[in-house]
Amino acid sequence: AGLNTVAKSKGKLYFGSATDNGEITDAPYKAILSDTKEFGQITPGNSMKWDATEPQRGTFTFTNGDVIANLAAANGQLLRGHTCVWHSQLPSWVSAGNFSATELTSIIETHCGTVVGHYKGKACKWRLYSYHAWDVVNEAFNEDGTFRSSVFYTTLGQDYIATAFRAARAADPDTKLYINDYNIDGLGAKSTAVVNLVKQLKQDGVPIDGIGIQGHLIVGTVPSTIQANIEQFAALGVEVAITELDIRLTLPVTPEKLAQQKTDYLNVIKACNAVPKCIGVTIWDYTDKYSWVPSVFTGQGAALPWDENLIKKPAYDGIVDGFGGF
Ligand code: G3I
């Protein structure tokens, strides 16, 4: 048994992990990542982002993204595309701006249409699974629920969001289209903003299938309203996924901190497990060896359920318990 086995036994579609191209040359790492008892889904951490896929206008490179998509297909895992439109990791020709609204709209349409179209039906097409998903728009909001300033918002206002979703749907009628963000785990201004946007998009006939809760959390501070928040998202008629879960702590690791982390993982998983429309959970890589956390938050880390030596931590059992056990 493993995390994907237990998640599926409770009616979820998958338990998954992010990964990255540099990491899958690490054979012991790749072996666990490819074990479908543990992971039924993978997300490329970087290789389908704009800077990776369209570094120059109109020049698309799918080499690294294809490596991850092919790995998913070979393993019989679902694929989550990440991400079409995001203010970060943009090539300079996009972030520099200087485009008219008409031109930037066409740039978004070409980018999302080409990238989503490239991966249409690629994952697992000869396997049992048919589901895959895209984070079409990533991190559109500020903490107070206002729209984040970006080249897209500054030039187009919130219309860029509908443009991206429509282009993604036109490119692939079968993939699930998500809006994805962090700090929308519990109830609050940012989660409310997502609710209002999704209501508006649906009213306007914009194709949107899901809300991705990234879930970059901190040990000991996990919100108590996660289930209530997932329920308010699900009530909009969309599915919900936890897309980038990790729960970081202040180093050094102690048994007490690892015990609290186990409880925190348990509570997050339990919240998703309790809501049928919460269809799956992805951790943002599975081992502390490859976590993004220490490079961004100095002095913090150990955020994942496997340690740097690929040994399971108490958090692993927290996840199993959150799903109600094997
Ligand atoms: O590929 C270059 C390499 O050639 C160079 O030598 C090296 C030196 O710094 O950098 C490498 O690029 C790094 C890239 O990861 C690949 O490892 C970038 O500097 C680094 O900034 C980038 O970080 C990624 C981060 O997004 C960037 O915003 C993380 O790996 C990735 O895990 C992280 O993922 C994001 C999600 O996309 C959105 N939600 C938050 C999440 C965590 O920040």
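Me: Is Trp-93 buried or exposed, and what is its relative accessible area?
Reply: Happy to start there, keeping in mind that this is a predicted model. Buried means a relative accessible area under 20%. Trp-93 falls under that cut-off, so it counts as buried, with a value of 16%.

Me: How many aromatic pairs does a search of the whole structure find?
Reply: Rings of Phe, Tyr and Trp count as a pair if their centres lie within 6.5 Å. Searching the whole structure on that basis gives a total of 18.

Me: Which kind of aromatic pair do Phe-15 and Phe-323 form?
Reply: Good one to look up in the viewer. The ring centres of Phe-15 and Phe-323 are 6.2 Å apart, with 85° between the planes. Planes over 60 degrees apart belong to one class, and for Phe-15 and Phe-323 that class is edge-to-face.

Me: How many residues apart are Phe-15 and Phe-323?
Reply: Phe-15 is in strand E1 (residues 14-19), while Phe-323 is in the segment after helix H13 (314-322). Both Phe-15 and Phe-323 are buried. The pair links distant parts of the chain, and the separation is 308 residues.

Me: Why does the pair of Trp-50 and Trp-93 tie together parts of the chain, and how many residues apart are they in sequence?
Reply: Trp-50 and Trp-93 form an edge-to-face pair, at 6.2 Å centre to centre and 70° between the planes. Trp-50 lies in helix H3 (residues 50-53) and Trp-93 in helix H5 (residues 92-95), so their pairing ties together parts whose separation in sequence is 43 residues.

Me: Which residues form one aromatic cluster with Phe-15?
Reply: Phe-15 has the edge-to-face partner Phe-323, and that partner belongs to the cluster too. Together with Phe-15, the members are Tyr-29, Phe-39, Tyr-286, Tyr-290, Trp-306, Tyr-316 and Phe-323.

Me: Where does the charged end of Lys-312 sit?
Reply: Let's take two charges over rings. Arg-248 lies over the face of Phe-297, at 3.8 Å from the ring centre. For Lys-312, the distance to the ring centre is 4.3 Å, and the charged end sits over the ring of Tyr-316.

Me: What is the relative accessible area of Cys-272?
Reply: Cys-278 counts as buried at 0% relative accessibility. Cys-272 is buried as well, and its value is 0%.

Me: Which cysteine sulfur is nearest to that of Cys-84?
Reply: Cys-84 is buried, with a relative accessible area of 1%. A disulfide needs sulfur atoms within 2.5 Å. Cys-84 is in no disulfide, and the nearest cysteine sulfur, 3.4 Å away, is that of Cys-112.

Me: How many nonpolar, polar and charged residues line the largest cavity?
Reply: The search finds 1 cavity of 30 Å³ or more, and about 40 Å³ of space lies in the largest cavity. Its lining includes Trp-86, His-87, Glu-139, Arg-148 and Phe-152. By class, the lining has 6 nonpolar, 3 polar and 2 charged residues.

Methods
Residues are numbered from 1 along each chain as its sequence is written. This is a predicted model: local features need pLDDT of at least 70, side-chain atom pairs count only at pLDDT 80 or more; totals for chains, interfaces and linings use all residues. Side-chain values use heavy atoms; hydrogens and water are left out. On a 1 Å grid over the protein atoms alone, a cavity is a set of points where a 1.4 Å probe fits but cannot get out, and a pocket is an open set with protein on both sides within 12 Å along at least five of seven lines; lining residues have an atom within 4 Å of a point. Grid points are joined across faces, edges and corners, and a volume is the space filled by probe spheres set on the points. Ala, Val, Leu, Ile, Met, Phe, Trp, Tyr, Cys and Pro count as nonpolar, Asp, Glu, Lys and Arg as charged, and the others, Gly among them, as polar. Rings of Phe, Tyr and Trp (its six-membered ring) pair if their centres lie within 6.5 Å; planes under 30 degrees apart count as stacked, over 60 as edge-to-face and the rest as tilted. Helices (H or I, at least four residues) and strands (E, at least two) are DSSP runs, numbered from the N terminus. Buried means under 20% relative accessible area, exposed over 50%, partly exposed in between (1.4 Å probe, protein chains only). A charge sits over a ring if NZ of Lys or CZ of Arg is within 6 Å of the ring centre and within 35 degrees of the ring normal.
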